[in-house]
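I opened my notebook to get to know a structure I had not looked at before. Here is what I looked up, entry by entry.

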Protein chains: 2
Amino acid sequence: MWRDIREDITIDRQGSQPLYWQLYWQLRQLILQGKVLPGMPLPPSRQLAQQVGVARVTVLQALDQLAAEGYIARKRGAGTFVAESLPLPPVPRSAAPTALPPLSEWGRRMAAMLEADINGSAPVRYLARGGETAVPDIIDFGFGRTFAHIFPYDIWRRLLARYLGADDIILARYGSVAGFAPLREAVADHLVRLRGVRCTPDQVVIVSGAQQTLDILSRLLLNHGDTVLVETPGYRDAFDLFRVHGARLAALPVDEEGFPTEQIPANSPARLAFVTPSNQFPRGGSMSLPRRLALLQWAGRQDAFIIEDDYDGELRYDGHPHAALQGLDEDGRVVYLGTFSKVLFPALRLAYVVLPPALVTPFVQAKRLLDRGAPTLTQAAVADFIQEGHFDRHLRHLRDAYGQRRRALVQALQTYLPGRARYAAVAAGLHVMLYLDGCVEADVLWRAAEQGVRVYPGALYHVQQPSPPSILLGFSGLSEADIAEGIRRLAGVFGESGV
Amino acid sequence: MWRDIREDITIDRQGSQPLYWQLYWQLRQLILQGKVLPGMPLPPSRQLAQQVGVARVTVLQALDQLAAEGYIARKRGAGTFVAESLPLPPVPRSAAPTALPPLSEWGRRMAAMLEADINGSAPVRYLARGGETAVPDIIDFGFGRTFAHIFPYDIWRRLLARYLGADDIILARYGSVAGFAPLREAVADHLVRLRGVRCTPDQVVIVSGAQQTLDILSRLLLNHGDTVLVETPGYRDAFDLFRVHGARLAALPVDEEGFPTEQIPANSPARLAFVTPSNQFPRGGSMSLPRRLALLQWAGRQDAFIIEDDYDGELRYDGHPHAALQGLDEDGRVVYLGTFSKVLFPALRLAYVVLPPALVTPFVQAKRLLDRGAPTLTQAAVADFIQEGHFDRHLRHLRDAYGQRRRALVQALQTYLPGRARYAAVAAGLHVMLYLDGCVEADVLWRAAEQGVRVYPGALYHVQQPSPPSILLGFSGLSEADIAEGIRRLAGVFGESGV
C-alpha cells in the first residue's frame with residue numbers, strides 16, 4: 001500500500017482530459033507496470049482524494065472505471081484491491097517495433113515493387129526530391145491539376161444545399177453498392193449521347209476512382225503470373241496495380257495510331273488488355289479504327305477482356321471527341337472507365353465504370369465486399385448536375401479554357417523550341433508529352449528545375465528501359481502567361497547547355 | 001452506292017442526340033455491319049442532306065466525325081468513300097454473352113462463397129425474400145439503421161458551407177492518401193481523450209469504411225491458407241473478407257467475458273485475430289482485462305496482429321465506455337478500427353484506422369494503389385465538427401436517445417417475453433442479440449414476419465452450424481413505441497405456436 005500517492009500521480013488541471021480519466025489512466029498504468037502489485041489494497045477514496053488533490057467524487061468515478069474494466073476489485077466491507085491474477089508480462093516491454101512486420105506475398109510484392117522504383121529509378125528520385133528546388137516562383141507543369149476557378153461552384157453549392165436542406169434521410173442511409181440509381185441513369189445517358197458508348201444504366205457502377213475499378217477487375221480476372229497487354233508509354237498507376245496482383249506486363253509500343261494490335265504475338269497468353277484509345281496516355285493520339293476492330297476480334301478469339309480507360313475522352317479541342325471503343329463492342333468484351341475527377345474536380349472522388357453484362361454481378365459482389373458505396377449526397381448532386389445540363393455546359397467551358405491553354409503551350413513550343421521537340425498533333429487532354437531526341441532526360445529535368453520549371457520524367461511511363469528521352473507537361477493548372485514563361489525558361493535549358 | 005438512303009437512316013428530331021450524331025451513328029452502323037462495302041462511294045453531301053432531310057452542314061459534321069474516326073476517306077476531287085481494309089468480322093456477331101466469364105481464382109472463390117450462402121443457408125434465403133411480407137405496417141428491427149433526426153444537420157450544413165463558400169481550392173486538389181491532416185489530428189485527439197487509445201496523428205489513416213481497412217490488412221498480412229482467429233458469433237462481413245482472401249477461420253465461441261483467449265490452441269498457426277472487445281458483436285458484453293492482456297501476450301509470442309473493431313465503442317449507456325484494447329498494447333500489435341457511420345451518418349462513408357507504427361507505411365502504400373483518399377470537403381467538415389465540440393455533444397445526445405430506446409426494448413422484453421430470451425446485460429450498442437433456447441430459429445423468423453415484425457437470423461453470425469437459436473434486434477432506427485409494439489407482436493409468435 002502507498003504511504004503517499006502524490007509521487008506517482010500528476011493531475012493536469014489545464015489538460016483536455018477529464019480529471020477522473022487522468023486519475024484512472026495513471027492508476028491503471030501503475031497496475032499494468034507492476035508498480036502496485038496484484039491483491040494490494042488501495043487507500044480509501046477520501047484519503048486518495050486528499051492526497052491527489054481532487055474531489056472525492058472524482059476519485060469514485062476513476063475507481064468505478066477501474067472496477068468496470070477489471071483493474072481493481074471491491075470487497076464488501078474490506079475496501080478496494082488491485083485485481084489478482086492479471087496476466088501481466090514478467091518484464092517491462094520494449095518500445096513498439098517499427099521494422100517492417102512479416103507481410104503476405106502480396107505485401108512483399110508491393111514493398112519490393114516500390115523499393116525497386118525508389119532505388120533503381122532516377123525519375124522517381126527526381127520526383128521524391130521535387131520539393132527541394134530553391135527557385136521561389138517555380139512554374140510547375142504538374143499533371144492532373146485542374147484549374148479550380150473554372151468550376152461553377154455556385155451551382156454546385158446550390159445542388160448540394162438542395163439535398164442538405166430538404167432530404168435528411170438521404171444522409172442517414174447506406175447507399176447502394178452499385179451507386180445511386182439516378183446517377184447511374186444520368187451517366188448512362190451522358191455516355192450514350194456524347195461518347196458513343198452503348199449501355200443501360202444497369203451496366204454502370206459508380207466507383208471511388210479508376211484505381212478501385214482496376215483493382216476489382218484485377219482481382220476478378222487475374223491470377224498470379226497472368227499476362228496483361230499494355231501500352232508503352234502508358235498509365236503507370238494501372239501498371240502498378242497489375243504488377244502488385246502478380247501479373248506480367250506485355251507492353252507494346254504505341255505510335256500515331258495508338259496501340260499496335262497487329263503486334264500482339266500470336267501465341268500471347270494474355271486475356272486482358274489495358275488501352276487508352278481516345279487519347280493515348282501519355283503520348284497523345286487516337287487509336288485507329290482498323291486497330292480498334294482488330295483488338296475487339298483478338299478479344300473475341302482469346303476470350304479476353306479489354307479495359308478502355310477514357311480518362312479524358314471528353315476533352316478534345318478540335319472537333320467532336322472520337323467515339324469510345326466500347327461502342328464497337330458486340331461481344332461484351334470491353335470495360336469502359338471514366339472519371340469525374342478531371343472534368344468536375346478531383347476532391348469529388350467519383351468515377352464510373354461501364355461493364356459488359358456478364359461482369360456486372362461479379363463486379364458488384366466484389367465491390368460489396370470492399371466498400372459500401374460512394375456518399376449518397378455527392379452522387380445525388382452530381383446526378384442533378386448532369387441531368388440539368390450543367391455538365392454539358394461545364395464541359396464546353398472546360399474545352400474552351402483548356403483548349404486555349406493547349407494552344408498557348410503549342411505556340412510557346414513553336415516560338416521557343418522550334419523543331420526541338422516532337423509531340424502528338426491531336427489537340428486533346430490536359431498534358432503534352434515532348435520527345436527530346438538526343439537529350440539526356442535526367443539532365444533536362446534537373447536543369448529545368450534550376451531554371452524554375454518543373455517538368456515530369458517520361459521514363460516513368462515507359463515499361464521498357466531505356467526509354468526515349470521525353471518529358472510530360474501538364475498544362476491544366478497553369479495560366480497562359482505561366483505556360484509561355486515556363487516554356488521560355490525550358491528553352492534556356494537547351495540554349496545554355498546544349499543537352 | 002445507295003440510290004436512296006432514306007430506307008436506312010432514320011432521324012429523330014425529338015431525340016436527345018444531336019442530328020449530326022444520329023446520322024454519324026447510323027452511317028457508322030451501316031459500315032460496321034457490312035451493309036455498305038469497303039471502298040464504296042458515298043453520295044455527295046448535298047444529295048445526302050436532301051435524302052435524309054437535314055441541313056447540309058449537319059451532313060458535313062457527320063462526315064467529319066466519320067472521317068476523323070476512320071470510317072470514311074475523302075479523296076481529293078473524287079468524293080468520299082467507305083474506308084477500305086477495315087478488319088470487319090466475317091459474320092454477324094451474336095448477342096453479348098451474359099454467362100459468367102472465366103474468373104480468376106479470387107473471383108471464383110468469391111462466387112463460390114456467395115453461391116454457398118444463397119443455396120445453403122436458410123437465413124440468407126430469409127433475408128433475400130425479406131421484401132415479400134404483406135403486412136403493411138411492418139416493424140423492422142434492422143441493424144445499422146440510424147435515427148436520422150438526431151443528427152444536427154443544421155450544424156453540418158454550416159460546416160460544409162464554410163468550405164463550399166470560402167475555399168474553392170480545397171475541392172480542386174486530390175487529397176492526401178492517408179487523409180486530411182486536420183481530421184487525422186482531430187481523430188487522434190478524440191481517441192486519446194475518450195477511448196483510451198494511445199497514438200499520434202501519424203498513425204491515423206482515414207478510410208472509406210471498415211471493409212476497406214479489413215481488405216487492405218488482409219492483403220498485407222494474409223497468404224492463401226493462413227488462419228485467422230475470429231469470434232463466434234461475430235462480424236460476418238469481416239469473415240467474408242478473410243475468406244475471399246483464401247484464409248481459414250478459426251472461430252472461438254465468446255461468452256460473457258468476450259473472446260476466450262485461453263482457448264486458443266497452443267499450436268495454432270494464426271498470426272491474425274479479429275476481435276470486438278468493447279461490445280462483442282453481435283452477442284454483447286465486454287472482453288475481460290485478463291483475456292485482453294493474455295491476447296496481447298499471445299500476439300507478442302506469435303508475431304501476430306490483432307484487429308480491434310471498435311464499431312460502436314462510444315455507445316455505452318451505463319457509465320463511461322471501457323477503454324480500447326489498443327491502449328494496453330506496448331508492442332505495436334493492435335490495429336484499431338473506428339467508424340463515423342454509426343455515430344454521424346452512414347452516407348458519410350468515412351472511417352478511420354489507428355495502425356501500429358510498423359504498419360503505417362505499407363498500409364498507406366497499399367491504399368495509394370487502390371484509391372486516392374476520401375473527399376477533402378467532407379473530411380474538413382468532420383474535422384471541424386470534432387474540434388469545435390459538436391461531436392462530443394452529439395455523442396451525448398446519441399447516448400441519451402439510444403439509451404432510452406435500449407431501455408424501452410429491455411422493458412418490453414421483460415413485459416412481453418419474461419424469462420423467454422437471454423441477452424447480454426451490458427447496455428451498449430445499437431442492437432440486442434436474443435438467445436431463444438429450445439426454439440427453431442427459422443420458424444421464429446417466419447412467424448414474426450407474419451405478425452408484422454422483421455427480426456434477423458442469429459445463424460448468419462455464427463461460424464459453426466448448427467448455431468444456438470437466436471435473433472438480432474436492431475433498435476436504432478425505431479421509436480420507443482414501435483419497439484414496444486414490435487416486441488408485443490414477437491411475443492405473439494411464442495404465445496400462439498409455442499415454437
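**The axis and the two copies**

I began at the rotation axis: B:A161 is the residue of chain B that comes closest to this axis, its C-alpha lying 4.2 Å away. The same surface serves both copies, since I find 100% of the contact residues of chain B again in chain A. I count two residues as in contact if their C-beta atoms, placed from the backbone, lie within 7 Å.

A note on what I am reading: this is a predicted model, in which local features need pLDDT of at least 70 and side-chain atom pairs count only at pLDDT 80 or more, while totals for chains, interfaces and linings use all residues. Residues are numbered from 1 along each chain as its sequence is written, and chains are lettered from A and ligands numbered from 1 in the order in which they are written.

Next I laid chain B on chain A: a turn of 180° with a shift of 0.0 Å along the axis does this with an RMSD of 0.1 Å. That is the relation of a two-fold axis. The superposition is by least squares on the C-alpha atoms of residues with pLDDT of at least 70 in both copies.

**Where the chains touch**

I looked up the contacts and found 95 residues of chain B against 95 residues of chain A. Which helix gives the most to the side of chain B that touches chain A? Helix α12 (residues 357–370) of chain B does, with eight residues. Helices (H or I, at least four residues) and strands (E, at least two) are DSSP runs, numbered from the N terminus.

**Chain A and its helix α1**

Chain A has 16 helices and 14 strands. Of its 499 residues, 48% count as buried. Buried means 20 or more other C-beta atoms within 10 Å of a residue's own, exposed means 12 or fewer, and partly exposed is in between, with C-beta atoms placed from the backbone.

I then followed helix α1 (residues 19–32) of chain A. Its buried residues include A:Y20, A:W21 and A:W25. Among the elements that cover the buried residues of α1(A) are α2 (45–52), α3 (56–68) and β2 (79–82) of chain A. Just after α1(A), A:G34 has a positive phi of about 75°.

**One arginine**

A:R109 sits in helix α4 (residues 105–120) of chain A. Is A:R109 buried or partly exposed? A:R109 is partly exposed, because 17 other C-beta atoms lie within 10 Å. Leaving aside neighbours within four places in sequence, I found A:R109 in contact with A:V244 and A:G246.

**Strands**

Two strands pair if DSSP finds at least two bridges between them. A:R74 has A:T80 in β2(A) as its bridge partner. Three residues lie between the strands of this hairpin, and A:G77 takes a positive phi near 75° there.

I also found an open sheet of three strands in chain A, in the order β11-β14-β13, with antiparallel pairing. Its edge strands are β11 (431–435) and β13 (456–457) of chain A, each pairing on one side only. β13(A) pairs with strand β14 (residues 470–474) of chain A over two bridges, and A:L472 in β14(A) is the bridge partner of A:Y456.
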